[in-house]
Amino acid sequence: MDIAVLLASLGISILELSEAGAVAVIFNGIYKNGKPYIYGLAGVLTVLIPVFTLGRYIVFLPLEYVLIVAGVILFYFGYKLIRSARRYFKGIKIVHKEEGEETLTTVYVVGFTEALEAGLVILALIPQSYISALTGTLLASILVIALLFVLKAQIMKIRVPQLKYVLSALLFSLGTLFFGEAFFDIDELYLGLFFVIYLGLNYVIIKM
């Protein structure tokens, strides 16, 4: 079991699936039935089933190329997370377009989109440890479902800037490790050092 991969998979899955779940909760209040949950789940499974059935064959590709592509993906999503966290800490407000129609299709699309963002990160993690990536995603799914039914509407009030801050540092650290393994054959023991460095860098970015 690779703990770093498990935590990265767990973190990104909780982050994205909770957002999809919050939308399902909103539409559940509109429709007064369980259909929004079904549509949201369908959107998520449309992405995650192929990720964990076809994605495992990514290990048959040349490892160096896989690590480089994975590193680029992890850096991209690490950047997106820290940018989002910075907006929150700096008090920058983002104007969202209002939904023209409140349809169940919207719930499916949101579930699909959020799962796709998580799935791209998970695909980058699978070559390192398939079972760790799968375990992290399954644990995250259980936690999000529990939150949906226990907290219900309260989940919409959850703010996760701190989670984005830490998870961004983890994704940057894994990306750096992957590049190091591809070009310099560095040891995984450096991951902890990279994580501490990126926590500091992210803090500087937020304060800028």
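Start with helix α7, whose buried residues are L191, F194, Y198, N202 and I206. Where do the buried residues of α7 fall, seen down its axis? They keep within an arc of 105°, so they line one face of the helix. An α-helix has 3.6 residues a turn, so residues three or four places apart point the same way. On the other side of α7, V196 and K207 are exposed. Keep in mind that this is a predicted model.

Now check the length of α7. The helix has 17 residues. From its first C-alpha to its last it reaches 24 Å, close to the 24 Å expected at 1.5 Å a residue.

Stay with Y198 for a moment. Y198 has a relative accessible area of 15%. Buried means under 20%, so Y198 counts as buried. Next, look for the rings around it. F75, F172, F179 and Y198 form one aromatic cluster. By the ring-pairing rule, the count comes to 11 aromatic pairs. Take the pair F75 and F172. Their ring centres are 5.2 Å apart and their planes stand at 45°, so this pair is tilted. Which helices does the pair join? F75 lies in helix α3 (residues 63–90), and F172 lies in helix α6 (residues 161–183). The pair therefore ties together parts that are 97 residues apart in sequence.

F172 is buried, because its relative accessible area is 8%. F172 also pairs with Y198. Here the ring centres lie 5.4 Å apart and the planes at 40°, so this pair is tilted too. F172 is in α6 and Y198 is in α7 (residues 191–207). This pair therefore ties together parts that are 26 residues apart in sequence.

α3 has 28 residues, which should span 40 Å at 1.5 Å a residue. Its end C-alpha atoms are 40 Å apart, which agrees. Its buried residues include V66, L67, A70, G71 and L74. Further along α3, F77, G78, L81, I82 and A85 are also buried. What follows α3? The answer is G91, whose phi is positive, near 75°.

Go back to α6, the helix that holds F172. Now compare L171 with G11. The two are 160 residues apart along the chain. Their C-alpha atoms are separated by 9.9 Å.

Another contact involves a charge. The charged end of R56 sits over the ring of Y130. How far is it from the ring centre? The distance is 4.3 Å.

Last, turn to empty space. Rolling a probe the size of a water molecule over the atoms shows where empty space is left. The second largest pocket holds about 480 Å³ of space. It is lined by 22 residues. Of these, L17, L41, V44, S141 and I145 lie nearest its centre. The elements that give two or more residues to this lining are α1 (3–31), α2 (35–53) and α5 (130–151). Which element gives the most to the lining? That is α2, with 10 residues.

Terms used
Residues are numbered from 1 along each chain as its sequence is written. This is a predicted model: local features need pLDDT of at least 70, side-chain atom pairs count only at pLDDT 80 or more; totals for chains, interfaces and linings use all residues. Side-chain values use heavy atoms; hydrogens and water are left out. Rings of Phe, Tyr and Trp (its six-membered ring) pair if their centres lie within 6.5 Å; planes under 30 degrees apart count as stacked, over 60 as edge-to-face and the rest as tilted. Helices (H or I, at least four residues) and strands (E, at least two) are DSSP runs, numbered from the N terminus. Buried means under 20% relative accessible area, exposed over 50%, partly exposed in between (1.4 Å probe, protein chains only). A charge sits over a ring if NZ of Lys or CZ of Arg is within 6 Å of the ring centre and within 35 degrees of the ring normal. The expected span of a helix is 1.5 Å times one less than its number of residues. The arc is that of the directions from the helix axis to the C-beta atoms. On a 1 Å grid over the protein atoms alone, a cavity is a set of points where a 1.4 Å probe fits but cannot get out, and a pocket is an open set with protein on both sides within 12 Å along at least five of seven lines; lining residues have an atom within 4 Å of a point. Grid points are joined across faces, edges and corners, and a volume is the space filled by probe spheres set on the points.
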